[in-house]
Amino acid sequence: MRYSGTLLCFFFLLQFGTAYAVTPTSHHVSNQVIALEIDKKTLEAHLRTWPEDHSKSRLVAIFKVAIGKAQGDKQVEGDNKTPEGIYFAQREFAGVKLPKKYGATAIPIDFPNPVDLLDKKTGHGIWLHGVESDDRVKEANVTEGCVAFHNKDILSLTNWLRPHHGYIIIADGLGDVNVDSDLRSLKKQAYKWIKAWQSRDIDGYISHYAKDFKFKRKNLKSYKRYKKQVFRSYRRMDVKVSNLRAFSHPKYAMTIMNQDFNGDNRYFSVGRKILYWKRDKNRQWKIIHEVFEKRRVEGVSVSLDSINVQNPQTNL
């Protein structure tokens, strides 16, 4: 069963509208991490806040979308399928003249991401974009793998999906996306991994990694030797994490957190750590890939007036 986030707004689906009509209980979202869940089955995109306590997630708006011409998860370049997974928004093509079929603007996503590369998927240029004519969205399966929105909606989303800080989850149905029990067990494992790191418990630390984990050219065995040397190289090792978020998908999961590392006051590392997880044969979450970036987990502050809604209806 999915989490039961609180509705920020009440919605009606307009037969010929763009976003669902909104009667907001609050007109402003302040410093909130934002996620966009795209449902390939219902052809809807759910924009929601994503606080550390995921049970307090709030639905902001729902948009109608169109997806790839072919069914299924993208595997190879040119298959016209929309990828399924957990992605980051990239920088909008602001001020760039795009071909007419992409409409008002486009927000790329980071396909292929590290998990896609591990799965040997190929392709590029997967965007969230507008359309030459809004009627095209109603055709449902029309793109070469991108997700198409009404032009007013994609322009609205540029205010919410900041580059590298907007989280986009694409799935064939949202019933198994961000399931409460998955998120709770995932966070539990993440905090155990953090504790093992902080206490320099090398065996406990490595136990959280998948058997086929690779770091650069190191397999799990050589990675353990490497981390053991790192742990021993500091008299004092201070590891602090904050602002942890978790996302789950039927194919894999992701945690992201701010990381502050101080080794003997001679080596400092400040940024964010991204961990990609899959369940093993015993249904335990294991890390399959990790990334450190010199960015932080950050939220956005946006007015709900930035969402273009046609013909708003009265409150339920």
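This is a predicted model: local features need pLDDT of at least 70, side-chain atom pairs count only at pLDDT 80 or more; totals for chains, interfaces and linings use all residues.
## Basis of the values

Local features require pLDDT of at least 70 and side-chain atom pairs count only at pLDDT 80 or more, while totals for chains, interfaces and linings use all residues. Residues are numbered from 1 along each chain as its sequence is written, and side-chain values use heavy atoms, with hydrogens and water left out.

## Aromatic pairs

Rings of Phe, Tyr and Trp (its six-membered ring) pair if their centres lie within 6.5 Å; planes under 30 degrees apart count as stacked, over 60 as edge-to-face and the rest as tilted.

One of these pairs is formed by Trp 50 and Phe 247, which are stacked at 5.6 Å centre to centre with 20° between the planes. Trp 50 belongs to the loop between strand E6 (44–49) and strand E7 (58–68), and Phe 247 to strand E14 (residues 237–248), so the contact ties together parts that are 197 residues apart in sequence. Helices (H or I, at least four residues) and strands (E, at least two) are DSSP runs, numbered from the N terminus. Trp 50 counts as buried at 1% relative accessibility, and Phe 247 counts as buried at 0%. Buried means under 20% relative accessible area, exposed over 50% and partly exposed in between (1.4 Å probe, protein chains only).

## The ring cluster and Tyr 226

Ring pairs link a cluster whose members include Trp 193, Trp 197, Phe 215, Tyr 226 and Tyr 267. Phe 215 and Tyr 226 form a stacked pair, with 6.1 Å centre to centre and 15° between the planes. Phe 215 lies in the loop between helix H4 (202–206) and helix H5 (220–232), whereas Tyr 226 is in helix H5, 11 residues apart.

Tyr 226 is partly exposed, at 31% relative accessible area. The charged end of Lys 218 sits over the ring of Tyr 226, 4.8 Å from its centre; this term requires NZ of Lys or CZ of Arg within 6 Å of the ring centre and within 35 degrees of the ring normal.

## Backbone geometry

Phe 111 and Pro 112 are joined by a cis peptide bond with omega of about -5°. Pro 112 is placed in the loop between strand E9 (106–108) and helix H1 (114–118).

Ala 140, although not a glycine, has a positive phi of about 75°. Ala 140 occupies the loop between strand E10 (127–129) and strand E11 (141–143) and is buried, with a relative accessible area of 14%. Asp 264 also has a positive phi, near 55°. Asp 264 lies in the loop between strand E15 (253–263) and strand E16 (267–279) and is partly exposed, at 24% relative accessible area.
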